[in-house]
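Please keep the sequence and the structure in view while reading.

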Amino acid sequence: MRPQDILMPVPAGLCCKPGGFHIDPVRPVERAVITHGHSDHARPGHGAVLATQETLDMMRLRYGENFAHSTQAISYGEEIRLGDVKIKFHPAGHVLGSAQVAVSCKDTCIVASGDYKDASDPTCAPFEVVPCDVFISEATFGLPVFRHGNAADEVKKLLASVALFPERAHLVGAYSLGKAQRVIALLRAQGYDAPIYLHGAMEKITHYYESRGIALGELRPVKGVKKADLAGTITLAPPSATSDVWTRRFPDPVTAFASGWMRVRARARQRGIELPLVISDHADWDGLTATIAATGAGEVWVTHGQEDALVHWCKSRGLAARPLDLVGYGDEEEHEVAAADEAEA
Ligand SMILES: [Zn+2]
Ligand SMILES: [Zn+2]
């Protein structure tokens, strides 16, 4: 069977005709298989949704009880038959509950990895290499300039700044699903045991992580705390909040931003970020290329991000490769704005 007869990009997303479903559809469909909870992948309004329990819970938290007509939870390693195909979920290491979806039909296996990272993250199951014939890779950081380095070192920079400026507050911009919890866990791993403050938009999802057994230490809502009492503290907030009037409640804040994009100095400058922290939920160039090689796939389909360089790299290694041209996915940044506006913080 040709891989394109199993999975094909259509306007609604990645369509599996023989299985009767779409993966991470951007438009409402009858049956959706969803890789993870970020809002460009997990949208409301589908008929049936198949995803990990965590992803279903996150969708419920974000969209309410009726986000889909029906839901079914699937565990990592569990295999389910849908129509003429079998699907199996594997950890993607991206955020809590994130999964790669292996779709097998006859003797062909395609892995749709969603968003993934191969770097260690104490807040989610580690990425698993899944041998396959066709690997579908994201390319958010698909350029050789993107090398994320060690996230622990970035957090050490933050702690050094807190020690240096005890009279100032530290405001760390971080996406509310995944990144914020990872930064908190990394701070705890460095022995930082003071309370960490949260913007209102961070609370629900962070407490959900705790309910799934991710230890994050003492967390406090920042709302209602006196300005003077925030000197020497760390607050996590959605990226959009760190550049608005909301920051006036903090004493002389140092603004930080935890993102893979912080490798690009101009981006940090544009946003007025004093302390860029290169911490990403996505694989960097080395991670993408090492993962593609490790899957043993002879064919690679590249989507959302910097497709061209990665396609070129694959071809130079003798692999068949092409961009998928799916639309509607991107980094989570634009979706955070809405979340921050909703929140009473
Ligand atoms: Zn994502
Ligand atoms: Zn994505």
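At what angle do the axes of helix H2 (residues 53-63) and helix H5 (residues 200-211) cross? In this predicted model, the two axes cross at roughly 155° and come within 11 Å. Since angles over 145 degrees count as roughly antiparallel, H2 is therefore roughly antiparallel to H5. The crossing in which H2 passes H5 is right-handed. On the side of H2, the contact is made by Gln53, Glu54, Asp57, Met58 and Leu61, and on the side of H5 by Lys204, Ile205, Tyr208 and Tyr209. Sorted by class, the residues in the contact of H2 with H5 are 5 nonpolar, 1 polar and 3 charged.

Attention may now turn to the strands. An open sheet is formed by 7 strands, whose order is E7-E8-E9-E10-E11-E18-E19, with mixed pairing. Strand E7 (79-82) and strand E19 (320-323) are the edge strands, each pairing on one side only. From one strand to the next, the twist averages 25°. Strands of a sheet pair through backbone hydrogen bonds, in either a parallel or an antiparallel manner. Strand E8 (residues 85-91) and strand E9 (residues 99-105) pair in the antiparallel sense, over 6 bridges. His90 has Gln100 of E9 as its bridge partner.

Helix H8 (residues 307-316) lies across E11, E18 and E19, and H8 runs at about 165° to E18.

Definitions and conventions: Residues numbered from 1 in each chain as written. Chains lettered and ligands numbered in written order. Predicted model: local features only at pLDDT ≥ 70, side-chain atom pairs only at ≥ 80, totals over all residues. Heavy atoms only, no water. Axes fitted to C-alpha atoms, helices over the stretch in contact; angles between N-to-C directions. Helix = DSSP H or I, 4+ residues; strand = E, 2+ residues; numbered from the N terminus. Parallel < 35°, antiparallel > 145°, perpendicular 65-115°, else oblique. Left-handed = near helix turned anticlockwise from the far one by under 90°. Contact = heavy atoms within 4.5 Å. Nonpolar A, V, L, I, M, F, W, Y, C, P; charged D, E, K, R; others polar. Pairing = 2+ DSSP bridges.
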